[in-house]
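Biologist: Could you walk me through reading a model, one feature at a time?

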Amino acid sequence: MLPFVIFNKKLTFNIILYPSFLLYLYMKLFFFKTAYLLGQESKCVSKQVGAVIAKDKRIISTGINGTPMGFKNCREQFPNYNAATDREKHHSWSKIYEVHGEMNAIAFAAKNDIGIDGAEIYTILQPCDECLKNIIAAGIKKIYYVIPYDKATKNNELWNNIAHEQVVDPELNKWLKAQEKIKENISSSQEK
């Protein structure tokens with residue numbers, strides 16, 4: 001296998017990256033972007049979260065956060081949601097009625113006889129404690145996330161039982177910021 005040689009701006013040294021490693025980096029970005037775009041379909045007023053379960057560089061299951069079919073969704077329950085005043089009320093309601101993106105991805109796999117043992121899960125927001133327990137129980141081997149979740153328990157010993165990585169990638173962060181800017185522009189144009 002021939003390596004790729006990449007020179008830094010000063011051309012003082014080179015880094016050798018093999019094609020399989022480059023493909024792996026590309027696939028991680030692809031899985032994160034897919035998780036983000038899926039999350040935009042969520043009807044949650046607080047956090048729109050998508051999750052991608054991948055195995056052998058292939059997406060095998062996806063999920064978004066939301067209520068089970070037939071139940072009132074978040075936007076209907078909180079039509080005038082204000083994060084400053086309604087977040088705790090929403091969180092209490094959500095713990096009862098909403099299924100998180102990670103759990104929906106696991107449930108979809110189970111419902112469709114898709115084996116996820118040894119898979120990886122990608123999500124923009126760090127999984128909550130409940131999702132973490134179920135991710136471990138489902139046999140997923142690694143969690144990748146970008147943004148820490150402030151409601152997740154700090155120093156939860158469950159995190160010692162699964163490989164996990166908070167991904168800090170400048171290209172991904174730039175892309176996420178661009179997506180948020182697009183959302184803001186769409187929202188402000190709809191308000192006019």
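Modeller: Gladly; we will go through the fold, the aromatic pairs and the pockets.

Modeller: This is a predicted model, in which local features need pLDDT of at least 70 and side-chain atom pairs count only at pLDDT 80 or more, while totals for chains, interfaces and linings use all residues. Residues are numbered from 1 along each chain as its sequence is written, and side-chain values use heavy atoms, with hydrogens and water left out.

Biologist: How many helices and strands does the chain have?

Modeller: Helices (H or I, at least four residues) and strands (E, at least two) are DSSP runs, numbered from the N terminus. Here there are six helices and seven strands, and from the N terminus on they run β-β-α-β-β-α-α-α-β-α-β-β-α.

Biologist: What percentage of the residues counts as buried?

Modeller: Buried means under 20% relative accessible area, exposed over 50% and partly exposed in between, with a 1.4 Å probe and protein chains only. Of the 192 residues of the chain, 35% are buried. The accessible surface (Shrake-Rupley method, 1.4 Å probe; for residues, only the protein chains shown count as cover) comes to about 12100 Å², with 56% of that belonging to carbon and sulfur atoms.

Biologist: And what share of the contacts joins residues 24 or more positions apart?

Modeller: A contact means heavy atoms within 4.5 Å. Among contacts in the chain with a separation of 6 or more, residues 24 or more positions apart account for 54%.

Biologist: How many aromatic pairs are there, and how should I read one?

Modeller: A pair of aromatic rings is described by the distance of the centres and the angle of the planes. Rings of Phe, Tyr and Trp (its six-membered ring) pair if their centres lie within 6.5 Å; planes under 30 degrees apart count as stacked, over 60 as edge-to-face and the rest as tilted. By this rule the count is nine aromatic pairs. Take Phe32 and Tyr122: their ring centres are 5.5 Å apart and their planes at 85°, so the pair is edge-to-face. Because Phe32 lies in helix α1 (residues 19–39) and Tyr122 in strand β5 (residues 120–125), the pair ties together parts that are 90 residues apart in sequence.

Biologist: Are those two residues buried or exposed?

Modeller: Phe32 is buried, with a relative accessible area of 1%, and Tyr122 counts as buried at 1% as well. Another edge-to-face pair is formed by Phe78 and Trp93, at 5.7 Å centre to centre and 85° between the planes. Phe78 sits in the loop between α2 (74–77) and α3 (83–97), and Trp93 in helix α3, 15 residues apart. Phe78 is buried at 7% relative accessible area, and Trp93 is buried at 11%.

Biologist: Which residues do ring pairs link into a cluster?

Modeller: Phe30, Phe31, Phe32, Tyr122 and Tyr144.

Biologist: Now the pockets: what volume does the largest pocket have?

Modeller: Rolling a probe the size of a water molecule over the atoms shows where empty space is left. On a 1 Å grid over the protein atoms alone, a pocket is an open set of points where a 1.4 Å probe fits, with protein on both sides within 12 Å along at least five of seven lines; lining residues have an atom within 4 Å of a point. Grid points are joined across faces, edges and corners, and a volume is the space filled by probe spheres set on the points. The largest pocket has a volume of about 520 Å³. Of its 26 lining residues, the closest to its centre are His91, Ser94, His100, Cys128 and Tyr149. Helix α3 gives the most to this lining, with five residues.
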